[in-house]
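Visitor: I would like to learn how to read a model like this one, step by step. Could you take me through it slowly?

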Amino acid sequence: MVGGNSSSDKVDLLIYGPSRPILENGFSDQFVLHSAETRHDLERLTPATSDKIRGIAVTYHTVPADKRALALFPNLEIVASFGVGYDHVDSTYAREHNIIVTNTPDVLTEEVADVALGLLIATVREFVKADRYLRSGLWTSQNYPLSVGSLRDRNVGIVGMGRIGQAIARRLDGCRVPVVYHSRKPANAVSYTHYPDLIEMAKAVDTLIVIVPGGAGTAKMINAEVMKALGPRGVIINVARGSVLDEPALIAALKSGTILAAGLDVFEKEPNVPDELRALQNVVLLPHIGSASVVTRNAMDQLVVDNLKAWFAGKPPLTPVVETPVKGR
Ligand code: NAP
Ligand code: 8YV
């Protein structure tokens, strides 16, 4: 859909990606909303409309706000992105062109950590296979086999000890599962052992939970070498981005027994998941639902709205990303 009316004394905003009620109804009549659901729609906006747009709400991670997209808007001041990860927004281009980028941190932290822990337990204790077993009627003739995996004898290495990594670690403390972590620098006020080297950590643990940002700096960092270092008891949980994990290497490692199992919430080419992965029994697959509850998604939408409203009221945005800090507004 492409659309919207305009008036010169109002602020023209673009909703780029799927729209939702909080995004559509959250602005006063001082704003004029335009919409472009897809990249194709974006490129069909007339130059007269694009020239007026001063703010964009990027409403889903599958619509790329890359250089080509942002360059369509010569008067753009702010891009308010939905989600804490913003690897789909070219924040370098934005900085170079004095465009602020905001994201939606914190409001989703605990929700995503819940999903990471749930996915770990479902993977290790085979919940999905056991559910299929019951539904197929097999339980009436035989009990489900004991699971090879257990949390009771595991050591977890968290890859990324930021907001969500720390919330996952707190949950594992409650489960009495030992935690260490890898990140480029030791995290502030965190007592878990820090491994500056990912391979060294993979050798020391049998479980990885991956929760780093996507993008060039982390592309395929969970590769065949990491999987080999983890070993045959190894379990990998990826709730970060599909780009962080080498998918063909994972499929090979799951097939050969190089590692035991995996739980994935994110994929390289969402929403397409390779048939080979879908055919495997030792992997649990979720359709990127880390933050996907009504309450948390509403809070994320509201933060997108609040960032845009603050900026156009002459105030600092609430949650600018590190690449585009706002000083003295
Ligand atoms: P955050 O607070 O910024 O934490 C990021 C962590 O990753 C930090 O510990 C950081 O430490 C580490 N890191 C960054 N680059 C790294 C690298 N190249 N190598 C090793 N460690 C690196 O972010 P967050 O709020 O926890 O969110 C993390 C990510 O989770 C998001 O960016 C998003 O992609 C993903 N996510 C997924 C879902 C989902 O639905 N599945 C939901 C929310 C978020 P250093 O800077 O010291 O390296
Ligand atoms: C959202 C996420 O599902 O916040 C993130 O980084 O991956 C999820 O919370 C995603 O941003 C939707 O676009």
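Guide: Let us begin with a pair of residues: Asp87 and Arg241 form a salt bridge, in which the closest N and O atoms are 3.1 Å apart. The term salt bridge stands for a side-chain nitrogen of Lys or Arg within 4 Å of a carboxyl oxygen of Asp or Glu. Please keep in mind that this is a predicted model, in which local features need pLDDT of at least 70 and side-chain atom pairs count only at pLDDT 80 or more, while totals for chains, interfaces and linings use all residues. Residues are numbered from 1 along each chain as its sequence is written, chains are lettered from A and ligands numbered from 1 in the order in which they are written, and side-chain values use heavy atoms, with hydrogens and water left out.

Visitor: Into which domains is the protein divided?

Guide: Domain bounds come from an automatic or database domain assignment. Here domain 1 takes in 2–104 + 294–312, and domain 2 takes in 109–285. Their centres, taken over C-alpha atoms, are separated by 34 Å.

Visitor: How many salt bridges does the rule find across the interface of domain 1 and domain 2, and what is the area buried between them?

Guide: Buried area is the accessible area (1.4 Å probe) that two parts lose on being put together, summed over both. Between domain 1 and domain 2 this is about 540 Å², with carbon and sulfur atoms giving 47% of it, and the rule finds one salt bridge across that interface.

Visitor: Which residues are around ligand 2?

Guide: A residue counts as near a molecule if one of its heavy atoms lies within 4 Å of it. For ligand 2 these residues include Tyr60, His61, Gly85, Arg241 and Met300. A polar side-chain atom of Arg241 lies 2.8 Å from an oxygen atom of ligand 2, whereas His61 brings a backbone N or O atom to 2.7 Å from an oxygen atom of this ligand. Taken alone, ligand 2 exposes 330 Å², and the protein buries 95% of that; such accessible areas come from the Shrake-Rupley method with a 1.4 Å probe, where, for residues, only the protein chains shown count as cover.

Visitor: How many residues surround ligand 1, and which are the closest?

Guide: Ligand 1 is surrounded by 26 residues, of which the closest are Met161, Arg163, Ile164, Arg184 and Asp265. A backbone N or O atom of Lys185 lies 3.0 Å from an oxygen atom of ligand 1. Taken alone, ligand 1 exposes 920 Å², of which the protein buries 88%.

Technical notes. A polar contact is a pair of N or O atoms within 3.5 Å; within protein, one must be able to donate a hydrogen and the other to accept it, and residues adjacent in sequence count only if both atoms are side-chain atoms.
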